[in-house]
Amino acid sequence: YEKAMSLAVGTKTGYKLFSVTSVDRLDCIHETETPDVYIVERLFSSSLVVVVSLALPRRMNVYHFKKGTEICNYSYSNNILAVRLNRQRLIVCLEESIYIHNIKDMKLLKTLLNTPSNPTGLCALSNNHSNSYLAYPGSATIGEIIVYDANSPSTVTTIPAHDSPLAAVTFNASGTKLASASERGTVIRVFSIPEGTRLFEFRRGMKRYVSISSLSFSADAQFLCASSNTETVHIFKLEQHSPSQEEESPTWSAYVGKMFSAASNYLPAQVSDMMNQDRAFATVRLNIFGLKNVCALATIQKLPRLLVASSDGYLYIYNVDPQDGGECVLVKKHRLFDSNDELKESVNESENKEASPPSQSYAATVAIPTVAPSSTALTGYSEDGGMRKGEVIPEHEFAAGPVCLDDENEFPPVSIQNN
């Protein structure tokens, strides 16, 4: 079955959740007036959504948006910079600490204190809940990546990925590959997980340093897209070139490649590394420059597409040629919010299960009025000065058993009990 794209948008006046079921259709499945939302993360195609606003930047609110109820809220010792979640774990990243929650009952399982300074909240969590790998910077001065098993929990490996500090990290869907870029933005590397072996190295460009804002694998991990503060989005193809393949196709490029390979034996390692790097398989020229954006690769209506959500308030959809690559063609441009609104920094995309039958409006089926959050939350606790005491965990029916995530109409199966 085909997967749909889910898009979460935080603005000055609230947040919206969209489902992209076709190129021409952008369904708004939920919107609410929560001012100054700068983080909004939805758990795949479920009803669970995590929200953080500038009004209370130290508090994370977890909602069941279809029921219009608050599941719980947590307060932390400092501003929340990022939230990541999969079917097993919910990760909250502060500048110098990371909190790992069990998504079944929202209990705090582990606190990573005194992590290297991470002012942008850079981290990644694998969508594959069976491994739940977490990646975060291991240094504030060089591009070191710590890969942590959030299920165990324990450190898996440390990867010396770049010479300069990290700017972007992401896992593929199965959690077997990790892509990274540094603040220089010229080289993107892909590593095997959990071993940490370097698999691929792509050169974005040598002319200038850029700020890479997002990296995203395709669902099959055959392609990797990268967007930055420039007007170009790059798509790289993850393919191994064996010597036998080159001999079967005696082209000019293959011949030149062999000459480079032979010459590299006599060159310094830095130079030979640069020669072995692949360039972009496909590119997109945006009509915007210098704006924060997020890119993702998806299959929509059985064809590969590149989606770019930009802080100018638009979603751009491009066709991608998986065989020949080249320049991608813009096929649709969607407006994400009214012109009097303003996009906050949190624009995120994830690939989800099919959300609804195309014959019925998904937005119409789930348009439930928002109700006031429940006040029956239990008193929280503190751990090593991390969490502040306050409203934390309400009693809900799935606390003692596993969460059923297959029923997207009723996740999480929450019932707030009055004590």
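## Cysteines

The sulfur of Cys328 lies 9.9 Å from the closest cysteine sulfur, which belongs to Cys225, and this separation is too far for a bond. Cys328 is buried, at 7% relative accessibility. These values, like those that follow, come from a predicted model.

The structure holds zero disulfides. Cys295 is in no disulfide either, and its nearest cysteine sulfur, again that of Cys225, is 3.3 Å away. Cys295 has a relative accessible area of 3% and is buried.

## Confidence of the model

The mean pLDDT of the protein chain is 77, and 69% of the residues score at least 70. Over residues 242-276 the pLDDT is below 50, and this stretch has 13 contacts in the model beyond near neighbours in sequence. Residues 342-419 also have a pLDDT below 50; for this stretch the model shows 201 contacts beyond near neighbours in sequence. Where pLDDT is low, predicted coordinates should not be read in detail.

## Overall architecture

The protein chain contains four helices and 29 strands. Of its 419 residues, 52% count as buried. Among contacts between residues at least 6 apart in sequence, 49% join residues at least 24 apart.

## Aromatic pairs

Six aromatic pairs are present in the structure. Tyr74 and Tyr76 form one that is tilted, with 6.2 Å from centre to centre and 40 degrees between the planes. Tyr74 is buried at 0% relative accessibility, and Tyr76 is buried with a relative accessible area of 0%. A tilted pair is also formed by Tyr314 and Tyr316, with centres 6.2 Å apart and planes at 45 degrees. Tyr314 is partly exposed at 24% relative accessibility, whereas Tyr316 is buried at 2%.

Ring pairs also join Tyr74, Tyr76 and Tyr99 into a cluster.

## Phe44 and charges over rings

Phe44 is located in the loop between strand 4 (37-42) and strand 5 (48-53). Its phi is positive, about 50 degrees, although Phe44 is not a glycine. Most residues other than glycine have a negative phi. At 12% relative accessibility, Phe44 counts as buried. The charged end of Arg87 sits over the ring of Phe44, 4.4 Å from the ring centre.

Another arginine placed over a ring is Arg335, which lies over the face of Phe337 at 5.1 Å from the ring centre.

## Further backbone features

Met106 has a phi near 65 degrees, a positive value in a residue other than glycine. Met106 belongs to the loop between strand 10 (97-102) and strand 11 (108-113), and is buried with a relative accessible area of 1%.

The peptide bond from Ser152 to Pro153 is cis, with omega near -10 degrees; Pro153 falls in the loop between strand 14 (143-149) and strand 15. The bond from Ile193 to Pro194 is cis as well, with omega near 15 degrees. Pro194 lies in the loop between strand 18 (187-192) and strand 19 (198-203). Most peptide bonds are trans.

Ser154 is part of strand 15, which covers residues 154-162. With a relative accessible area of 33%, Ser154 is partly exposed. Leaving aside residues up to four places away in sequence, Ser154 touches Tyr148 and Asp149. Ser154 and Lys110 are 44 residues apart in sequence, while their C-alpha atoms are 9.9 Å apart in space.

His64 belongs to strand 6 (residues 59-64) and is buried at 0% relative accessibility. A polar atom of the His64 side chain lies 3.1 Å from the backbone nitrogen of Lys67.

Technical notes
Residues are numbered from 1 along each chain as its sequence is written. This is a predicted model: local features need pLDDT of at least 70, side-chain atom pairs count only at pLDDT 80 or more; totals for chains, interfaces and linings use all residues. Side-chain values use heavy atoms; hydrogens and water are left out. pLDDT is the predictor's confidence in each residue, from 0 to 100. Contact means heavy atoms within 4.5 Å. Rings of Phe, Tyr and Trp (its six-membered ring) pair if their centres lie within 6.5 Å; planes under 30 degrees apart count as stacked, over 60 as edge-to-face and the rest as tilted. Buried means under 20% relative accessible area, exposed over 50%, partly exposed in between (1.4 Å probe, protein chains only). A charge sits over a ring if NZ of Lys or CZ of Arg is within 6 Å of the ring centre and within 35 degrees of the ring normal. A disulfide is a pair of cysteine sulfur atoms within 2.5 Å. Helices (H or I, at least four residues) and strands (E, at least two) are DSSP runs, numbered from the N terminus. A polar contact is a pair of N or O atoms within 3.5 Å; within protein, one must be able to donate a hydrogen and the other to accept it, and residues adjacent in sequence count only if both atoms are side-chain atoms.
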